[in-house]
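Trainee: I'm new to this structure, and I'd like to ask some questions while we look at it together. Could you show it to me?

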Amino acid sequence: MKKVIFVWGGWEGHQPKETTEIFAEIMKREGYDVEVYNTLDIFLDKQKMGSVNLIVITWTMGKITSEQTKGLLDAVSSGVGIAGWHGGMGDAFRENTGYQFMVGGQWVAHPGGIVDYEINIVKKDDPIVKGISDFKLKSEQYYMHVDPSNEVLATTTFRNIEFPWIDGTVMPAVWKRIYGKGRVFYASFGHQVSDFEVPEAREIVKRGLIWAVGDL
């Protein structure tokens, strides 16, 4: 049985514990051995990291030591998958460019705060999004610095009067990539539990986790 670990913490405004619980339960139902941690020190445990197939991280605006970073990046580069959503992965460690290089992006703004916006599926034949139609959210719409090597699966378009220079900007919202031998999945939505009450958002992240662990 493949092992999945969830590592949550950081800023509580993104409901890291509650959103973790949603997908920890989903992955259990999908037949995975799931463990949940509230400490970054798990990345220092070489034996544990050597037994893991997927790391799901939900840790907004945190601090990570160089030793913890090395443990995490070494695991992913050796073939452990990693996945996450919103600030829990895309704004986890603002000062750590090595981590951001692995993720493939970093949050920089959510213009307008909570807004109505749309997620547009752009790679319709990819198994993570296949059969899923464009959908709407009322949440934070992430403006990000992104790696052009990402394989983009869905985008979002900014319609903004307050910041007219970004009006019409098409921003990656869901992507996957490879880091060393590891699979990386990220979705920019997931501000709070309410985002995952939207069936399409929940299904994309579920499939993204299963892809990152190597089963899709």
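Trainee: Is Met61 buried or exposed, or in between?
Mentor: This is a predicted model, where local features need pLDDT of at least 70 and side-chain atom pairs count only at pLDDT 80 or more, while totals for chains, interfaces and linings use all residues. Residues are numbered from 1 along each chain as its sequence is written, and side-chain values use heavy atoms, with hydrogens and water left out. Buried means under 20% relative accessible area, exposed means over 50%, and partly exposed is in between (1.4 Å probe, protein chains only). Met61 has 38% relative accessibility, so Met61 counts as partly exposed.

Trainee: Where is Met61 placed, and what is its phi?
Mentor: Helices (H or I, at least four residues) and strands (E, at least two) are DSSP runs, numbered from the N terminus. Met61 sits in the loop between E3 and helix H3 (66-77). Its phi is positive in a residue other than glycine, and the value is near 50°.

Trainee: Which helix holds His86, and what is the phi of His86?
Mentor: His86 belongs to helix H4. With a relative accessible area of 0%, His86 is buried. Although His86 is not a glycine, it has a positive phi of about 45°.

Trainee: Which residues does Met89 touch, leaving out those up to four places away in sequence?
Mentor: Met89 is also a residue of helix H4 (residues 86-90), and it counts as buried because its relative accessibility is 0%. Contact means heavy atoms within 4.5 Å. By that rule, Met89 touches Ile57, Ile82, Ala83, Gly84, Tyr99, Val103, Val184, Phe185 and Tyr186.

Trainee: What separates the C-alpha atoms of Met89 and Tyr99?
Mentor: Tyr99 is among the residues that Met89 touches. Along the chain, Met89 and Tyr99 are 10 residues apart, and their C-alpha atoms are separated by 9.7 Å.

Trainee: Is Gln100 buried or exposed?
Mentor: Gln100 lies in helix H5 (residues 97-103). Not counting residues up to four places away in sequence, Gln100 touches Phe93, Arg94, Glu95, Gly105 and Gln106. Its relative accessibility is 16%, so Gln100 counts as buried.

Trainee: How many bridges join E3 to E4?
Mentor: Strand E3 (residues 54-60) and strand E4 (residues 81-85) run parallel. Ile55 stands opposite Ile82 in E4. The bridges that join E3 to E4 number 3.

Trainee: At what angle do H1 and H6 pack?
Mentor: Axes are lines fitted to C-alpha atoms, for helices over the stretch in contact, and angles run from 0 to 180 degrees between N-to-C directions. The axes of helix H1 (residues 16-29) and helix H6 (residues 199-212) are 11 Å apart, and the two helices pack at an angle of about 60°.

Trainee: Which residues of H6 does H1 meet?
Mentor: On the H1 side, the residues are Phe23, Ile26 and Met27. In H6 they meet Arg202, Val205, Lys206, Leu209 and Ile210.

Note on methods
Two strands pair if DSSP finds at least two bridges between them.
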